[in-house]
Amino acid sequence: MSFQFSDDNLKQIEFLKTRYPSLDALSLPLLWMAQYQDGFISLEAIDEISKITKLPPMEIYRVATFYTMFKLQKQEKLLVSVCKTLSCKLCGSDEILDHLKSKDVEIEYVECLGSCGTSPVMQIKDVNYENLTPQKVDDILEELL
Amino acid sequence: MREVKIVSKHFSIKDSHTLKVAKANGAYSNALKKAYKLEPKQIIEIIKESGLRGKGGGGAPAGEKWSLMPQDSDKPSFLAVNCDESEPGTFKDRQIISKDPHLLIEGILITCHAIKAKHAYIYIRGEYKQYQDILQGAIDEAYTEGLLNNCDITIHRGAGAYICGEKSALLESMEGKRGHPRLKPKQKECEWYFSNPTLVNNVETIASVPYIIDNGAEGYRKFGTDKSPGTLLFAMSGHVKNRGVYEAEFGTGMWDYIEHFGGGIRDGKKLKAVIPGGASTDILTADEVMEAKLDYEYLRSIGSALGTGGMIVMDEDTNMVEALKNLLEFYHEESCGQCTPCREGTGLSDKLVEKILSGNGSSEDIDELLEISDTMNGKTICVFAPAVSSVINSFIGKFRDEFEAYNKSTGAKI
């Protein structure tokens with residue numbers, strides 16, 4: 001299996017090269033790009049990013065494994081990231097977590113989504129869903145699944 | 001209570017994020033025109049005189065930091081705007097980038113003029129994609145209208161690492177590496193991005209610049225205190241009636257703020273404690289909150305810190321052992337792992353509180369927790385571990401009886 005960036009992404013990469021003083025800086029933007037293209041970051045994608053940035057594949061792998069939002073395995077189910085940090089905990093994230101456990105989704109507990117004033121909160125496909133109740137979770141998932 | 005809106009003035013206006021509305025409300029006008037008529041050094045002097053302090057948590061004087069940038073370097077200078085905002089309890093910068101991004105862009109243009117930078121990066125936390133899109137839309141509009149005046153702005157997206165809010169870790173991440181904080185230099189100097197001089201400032205700090213240039217240093221000093229002039233977007237979460245972000249002057253009474261904007265404690269309950277400035281600041285008891293002033297000096301004087309101004313409010317039913325456990329899980333997950341006392345200490349202390357929570361703990365375990373905390377303090381590259389140490393000490397120092405009692409009863413759930 002090989003990995004190639006799409007034509008649109010290749011154009012975007014050429015643009016990005018003009019935005020940074022060094023190719024090294026491209027590793028995060030390109031990891032994001034690969035993840036959006038395939039839904040996850042494969043080892044082949046890491047090799048491709050290594051070629052573009054001229055950094056060893058291991059360097060790219062080290063970076064990919066440091067940041068929790070980079071997924072190195074394909075997600076089979078809808079990924080629901082639920083904040084469990086203090087402000088959300090104080091306002092009922094435990095109840096939301098328990099409720100989600102009965103759903104056909106992949107649950108990921110995350111640390112602080114920056115929605116402390118509208119907690120509890122979950123994030124699905126880059127969108128924050130705030131002030132959650134079990135009923136609201138049902139409504140959101142019904143629309144997405 | 002006097003209400004002041006410097007950064008949040010346009011937040012409630014419909015479509016305030018668009019260029020059309022922003023321009024109708026004065027964006028890219030007085031402040032920017034005044035700034036371009038001034039020499040870079042003159043702008044830095046105004047910022048120094050205003051007493052503007054970094055609003056990302058540290059509270060260092062912004063003008064002093066700006067003056068560390070070389071004015072006659074043969075290398076390009078850069079501005080890095082810190083929008084990592086990952087401190088639990090803190091959600092203020094997202095209000096600026098989603099409700100008045102053009103204020104930030106105008107602040108960036110003035111700052112870049114002052115430090116002779118031609119390129120600014122906005123480092124945004126990965127979880128803020130939906131707000132990043134609004135910000136990018138505003139940047140695109142500014143490009144289309146030719147407002148950027150030969151200054152480029154690029155958004156650089158993080159990917160879920162709390163430590164990247166630390167300025168040197170942020171730059172490492174911007175250089176495409178793991179977000180490992182750098183060793184601090186012995187003397188004060190600017191930051192370096194690929195060996196180029198770079199200024200790192202938080203979003204709200206930069207968004208405060210247009211007001212200062214437009215109204216002068218004295219105009220800004222009309223608000224706040226002598227040593228903490230101006231305002232801050234204080235955030236409030238937890239057990240208050242009206243959670244949210246509200247701008248207030250430095251020096252405002254903490255309880256006044258919580259009552260006035262937050263409507264007090266929800267469900268008619270009593271206040272138990274407040275974490276005053278994001279999770280990494282020392283917890284205050286209800287009695288301390290009643291006396292506290294929201295400024296850097298006061299909170300330091302009582303052994304805590306203003307931090308980001310993100311208050312986490314807890315009512316009388318909150319279980320402090322569970323609250324500390326929750327925070328230690330956060331720190332254990334978010335330690336970058338570079339320094340052993342931090343990498344190991346956060347995990348060990350998390351396990352000890354778990355043991356206490358299970359009812360199998362003892363007073364010796366509480367003492368051991370304090371010993372681990374001591375091991376983490378002052379023995380690491382960045383201030384992450386000392387902050388964890390301080391949080392542990394404040395929870396046990398102020399609520400030790402709850403930790404002791406937990407071994408005998410199950411306590412209340414938070």
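## Second largest pocket

The second largest pocket has a volume of about 730 Å³. On a 1 Å grid over the protein atoms alone, a pocket is an open set of points with protein on both sides within 12 Å along at least five of seven lines, whereas a cavity is a set of points where a 1.4 Å probe fits but cannot get out; lining residues have an atom within 4 Å of a point. Grid points are joined across faces, edges and corners, and a volume is the space filled by probe spheres set on the points.

This is a predicted model, in which local features need pLDDT of at least 70 and side-chain atom pairs count only at pLDDT 80 or more, while totals for chains, interfaces and linings use all residues. Residues are numbered from 1 along each chain as its sequence is written, chains are lettered from A and ligands numbered from 1 in the order in which they are written, and side-chain values use heavy atoms, with hydrogens and water left out.

The pocket lining consists of 26 residues, and Gln35(A), Lys71(A), Leu79(A), Ser81(A) and Lys125(A) lie nearest the centre of the pocket. Two or more lining residues come from each of helix 2 (27–38), strand 1 (79–83), strand 2 (106–110) and strand 3 (122–124) of chain A, and from helix 13 of chain B. Helices (H or I, at least four residues) and strands (E, at least two) are DSSP runs, numbered from the N terminus. By class, the lining has 10 nonpolar, seven polar and nine charged residues. Here Ala, Val, Leu, Ile, Met, Phe, Trp, Tyr, Cys and Pro count as nonpolar, Asp, Glu, Lys and Arg as charged, and the others, Gly among them, as polar.

## Interface of chains A and B

Chain B puts 64 residues into the contact and chain A 42 residues, contact being heavy atoms within 4.5 Å. The two chains bury about 4000 Å² between them, with 54% of it on carbon and sulfur atoms. Ala159(B), Arg178(B) and Arg243(B) supply 17% of the area that chain B buries against chain A, more than any other three residues. Buried area is the accessible area (1.4 Å probe) that two parts lose on being put together, summed over both.

Five salt bridges cross the interface; a salt bridge is a side-chain nitrogen of Lys or Arg within 4 Å of a carboxyl oxygen of Asp or Glu. Lys89(A) forms a salt bridge with Glu322(B), with the closest N and O atoms 3.9 Å apart. Helix 13 of chain B gives the most to the side of chain B that touches chain A, with eight residues. That side of chain B has 27 nonpolar, 20 polar and 17 charged residues.

## Cavities

There are three cavities of 30 Å³ or more, and the largest cavity holds about 70 Å³ of space. Residues lining the largest cavity include Ile163(B), Pro181(B), Cys336(B), Cys339(B), Cys342(B), Cys382(B) and Phe384(B). By class, this lining has nine nonpolar, three polar and no charged residues.

## Salt bridges within the structure

Over all chains, the structure holds 43 salt bridges. One of them joins the side chains of Lys48(B) and Glu45(B), at 3.8 Å from N to O. Lys48(B) and Glu45(B) both lie in helix 3 (residues 40–50) of chain B, three residues apart, about one turn of the helix.

## Chain A

Chain A has seven helices and four strands, in the order α-α-α-α-β-α-α-β-β-β-α from the N terminus on. Its C-alpha atoms fill a box of roughly 50 × 30 × 25 Å, taken along the principal axes.

Most residues other than glycine have a negative phi, and most peptide bonds are trans. Cys112(A) has a phi near 55°, a positive value in a residue other than glycine, and is found in the loop between strand 2 and strand 3 of chain A. Pro120(A) lies in the loop between strand 2 and strand 3 of chain A, and a cis peptide bond joins Ser119(A) and Pro120(A), with omega about -5°.
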